[in-house]
Amino acid sequence: MKTIITAALTGAVTPKAKAPSLPCTPKEIAEDAIKCWKSGAAVVHLHMRDDEMRGSMDKARFKETVERIRGESDVIINLTSSGEINVPFERRMEHISELKPELATFDAGSINVLPDGIFDNTVKFLTTLGGILNANNIKPEVEIMDMGMIAAAEYYLSKGVLKAPVHFQFVLGFFSGAPATPENLAFLKGKLPPDSTWSAFGIGNAHMPILYAAIAMGGHVRVGLEDCIFYSRDVPATNVDLVARAGRAVREFGNEVATCAEARKILGLGGK
Ligand code: ZN
């Protein structure tokens with residue numbers, strides 16, 4: 001089987017102080033994206049940071065980063081629809097409708113975040129987001145943090161907000177989401193609509209167990225500093241190191257690392 005590696009380069013919360021190699025400016029993020037693509041990532045999942053390194057939905061930063069990446073590679077671009085707190089919903093979608101990535105995240109429900117916030121993905125937000133993605137031929141990557149979000153995804157499928165076959169990303173180990181264990185991954189993956197494709201990652205210490213479990217269960221994998229900042233105990237990671245190791249794990253298992261063209265075929269993307 002061909003296994004797709006997604007590199008989640010920056011995220012919105014990983015602290016630069018704890019991850020010295022974290023790319024934060026559009027130039028840094030684009031350079032890391034190219035390096036990860038050369039190391040085997042077929043997809044790059046992008047967030048932006050502002051000058052204080054807080055998560056930002058700044059459209060100009062997304063645009064500069066995407067243009068830099070598109071100028072040098074055919075890597076599949078996956079833009080986040082979240083990452084800045086207390087912003088109007090429109091600001092979480094403008095960059096997507098303008099830049100038309102091949103993939104964009106669709107978090108299938110709301111969830112509490114520490115210390116006292118809500119990652120809000122209301123029915124209205126998701127219905128509007130789904131409409132924009134459908135209108136622009138952008139495939140949603142449906143992020144699942146707990147069982148109820150699969151039920152919610154089925155609701156959006158029934159309403160035409162999502163279209164089959166759906167591509168899922170299991171986000172395991174999020175505060176108040178499903179704990180990141182292979183057992184939970186096996187359970188959740190068993191509940192997906194039968195024609196789905198899926199990928200998974202575990203946050204922090206669960207990075208390796210979920211990486212191996214996803215490969216063993218026939219899924220695709222996501223790695224990167226958004227999710228995990230250590231390569232091994234007390235050894236800081238870089239995005240490229242995490243991608244390269246995922247590639248080795250895939251090949252040692254007996255799979256092949258999917259090229260961008262193969263990933264487009266697996267995910268049913270038209271290419272841009
Ligand atoms: Zn993200």
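A residue counts as buried when under 20% of its relative accessible area is left, and as exposed when over 50% is (1.4 Å probe, protein chains only). In this predicted model, local features need pLDDT of at least 70, side-chain atom pairs count only at pLDDT 80 or more, and totals for chains, interfaces and linings use all residues. Residues are numbered from 1 along each chain as its sequence is written, and side-chain values use heavy atoms, without hydrogens and water.

Now look at helix 9 (residues 260–267), whose buried residues are Cys 260, Ala 263, Arg 264 and Leu 267. They cover an arc of only 105° around the axis, so they lie on the same side of helix 9. Ala 261 and Lys 265 are exposed on the other side. An α-helix has 3.6 residues a turn, so residues three or four places apart point the same way.

What do the buried residues of helix 9 pack against? Their partners include helix 1, strand 6 (76–79) and strand 12 (197–202); contact means heavy atoms within 4.5 Å. After helix 9 comes Gly 268, with a positive phi near 70°.

## Helices 7 and 8

Helix 7 (residues 207–216) and helix 8 (residues 239–253) have axes that come within 10 Å and cross at roughly 40°.

Notes. Axes fitted to C-alpha atoms, helices over the stretch in contact; angles between N-to-C directions. Helix = DSSP H or I, 4+ residues; strand = E, 2+ residues; numbered from the N terminus. Arc of directions from axis to C-beta.
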